[in-house]
Amino acid sequence: MNKPPFKLNAEHVALDFVNTLDDRYTPGGPRELLPSYADLLRFCRQAGLLAHAESARLGAFPHASQEKGLRSAIELRELLARVFYRWVEGRSPSAEDRTALERWAAACAARRELRWKDGHLAWTWRALTGEAEAPALLLAQRALDLLIGDEPPRLHVCASDTCRWLFLDTSKNRTRRWCDMKTCGNRAKARRYSAAHQN
Ligand SMILES: [Zn+2]
C-alpha cells in the first residue's frame with residue numbers, strides 16, 4: 001500500500017524533518033511518521049535531498065546498516081527539535097546540544113570537498129551514497145545552513161496548541177500564524193465562528 005506523501009509546508013527541509021514527529025505536544029501523541037529507513041528515504045526523495053537512484057542505492061543496504069542510519073537520523077531530528085523550539089523562544093541551545101551540533105558539523109565537513117562548478121567553488125559530497133548515514137548527514141548540513149546563515153531564521157510554531165509544527169515565516173508582512181491555512185488555520189476560524197454564534 002502506498003503511504004500518503006509528507007506534508008512539506010515548513011518552507012525549509014530541516015523544519016519539515018522535525019515535523020515528522022507529528023503531534024509532538026498533543027496529549028495523545030506523538031505520532032512517528034518515520035518508522036523505518038524506507039520512510040526516511042521517501043522523505044528525503046520528496047524533499048528533493050536525494051535523487052531516485054541515490055535513494056535506491058541506500059535502500060539496498062543490509063538491514064543492520066539501515067537501522068543504524070535511521071537511529072542516527074532520529075537522534076539528529078530530536079536534537080534539532082530541542083534547538084529549534086528553544087530558538088523560537090529566543091533561547092540558546094544547551095551546551096550539550098551545541099556540542100552535538102559541532103559534532104554534526106565536523107561529520108559533514110569530513111565528507112565534503114570543494115569542486116569548481118559553473119565558474120565558482122562549491123561544496124560537494126564525497127561518495128555520499130556509500131553509507132547509510134547519508135540522509136542524516138544531508139539533513140544535518142541543511143539544518144546547520146539554516147541556523148548559522150547570514151540572517152537568523154524567522155522560526156515560528158503553528159499557533160494551534162495541538163499542532164505546534166515548525167515553519168519559517170517567509171510572508172511579506174511577517175504575519176503567518178499557521179503551519180497550514182487549510183487545516184490549522186481553518187479549524188481556528190471555525191472555532192471562532194462557533195464561539196461567536198453561541199447563545
Ligand atoms: Zn498547524
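**Figure 1. Surroundings of Lys7 in the predicted model.** Lys7 counts as partly exposed because 16 C-beta neighbours lie inside 10 Å, in a model that is predicted. Lys7 is placed in the segment before H1.

**Figure 2. Arg42 in helix H2.** The helix that holds Arg42 is H2. Arg42 has 20 other C-beta atoms within 10 Å and is therefore buried, the limit for a buried residue being 20 or more. Ala122 is 80 residues from Arg42 along the chain, and the C-alpha atoms of the two are separated by 26 Å.

**Figure 3. The whole chain, for orientation.** Seven helices and six strands make up the elements of the chain. Read from the N terminus, their order is α-β-β-α-α-α-α-β-β-α-β-β-α. The C-alpha trace spans about 65 × 45 × 35 Å along its principal axes. The chain has 199 residues, of which 28% count as buried. Of the contacts between residues at least 6 apart in sequence, 56% join residues at least 24 apart.

**Figure 4. The largest nonpolar core.** This core has 42 residues, and Leu80, Leu139 and Leu166 are those with the most contacts inside it. Two or more residues come from each of helix H1 (13–18), helix H2 (37–46), helix H4 (63–88), H5, H6, strand S5 (155–157) and strand S6 (166–168). Leu139 is in contact with Ala14, Phe17, Ala73 and Leu76, its neighbours within four places in sequence being left aside.

**Figure 5. Packing of H4 and H6.** The axes of H4 and H6 are 8 Å apart, and the helices pack at an angle of about 20 degrees. H4 is therefore roughly parallel to H6, since angles under 35 degrees fall in that class. The crossing of H4 with H6 is left-handed. On the H4 side the contact residues are Gly69, Ser72, Ala73, Leu76 and Leu80, and on the H6 side they are Pro135, Ala136, Leu139, Ala140 and Ala143. Eight residues of this contact are nonpolar and two are polar, with no charged residues.

**Figure 6. Crossing of H4 and H5.** The axes of H4 and H5 come within 10 Å of each other and cross at roughly 130 degrees. H4 is therefore oblique to H5. The two helices cross in a left-handed sense. Leu76, Leu79, Arg82 and Val83 of H4 make the contact with Asp97, Ala100 and Trp104 of H5. The contact of H4 with H5 has five nonpolar and two charged residues, and no polar ones.

**Figure 7. Crossing of H5 and H6.** Helix H5 (residues 95–109) and helix H6 (residues 134–147) have axes that come within 9 Å and cross at roughly 115 degrees. The crossing of H5 with H6 is left-handed. H5 contributes Leu101, Trp104, Ala105, Ala107 and Cys108 to the contact, and H6 contributes Leu137, Ala140, Gln141 and Leu144. By class, eight of these residues are nonpolar and one is polar, and none is charged. Trp104 of H5 also belongs to the contact with H4, and Ala140 of H6 also belongs to the contact of H6 with H4.

Key. Residues are numbered from 1 along each chain as its sequence is written. This is a predicted model: local features need pLDDT of at least 70, side-chain atom pairs count only at pLDDT 80 or more; totals for chains, interfaces and linings use all residues. Axes are lines fitted to C-alpha atoms, for helices over the stretch in contact, and angles run from 0 to 180 degrees between N-to-C directions. Helices (H or I, at least four residues) and strands (E, at least two) are DSSP runs, numbered from the N terminus. A crossing is left-handed if the near helix is turned anticlockwise from the far one by less than a right angle, and right-handed if clockwise. Two residues are in contact if their C-beta atoms, placed from the backbone, lie within 7 Å. Ala, Val, Leu, Ile, Met, Phe, Trp, Tyr, Cys and Pro count as nonpolar, Asp, Glu, Lys and Arg as charged, and the others, Gly among them, as polar. A nonpolar core is a set of buried Ala, Val, Leu, Ile, Met, Phe, Trp, Tyr and Cys residues joined through C-beta atoms within 7 Å. A residue is buried if 20 or more other C-beta atoms lie within 10 Å of its own, exposed if 12 or fewer, and partly exposed in between; C-beta atoms are placed from the backbone. Angles under 35 degrees count as roughly parallel, over 145 as roughly antiparallel, 65 to 115 as roughly perpendicular and the rest as oblique.
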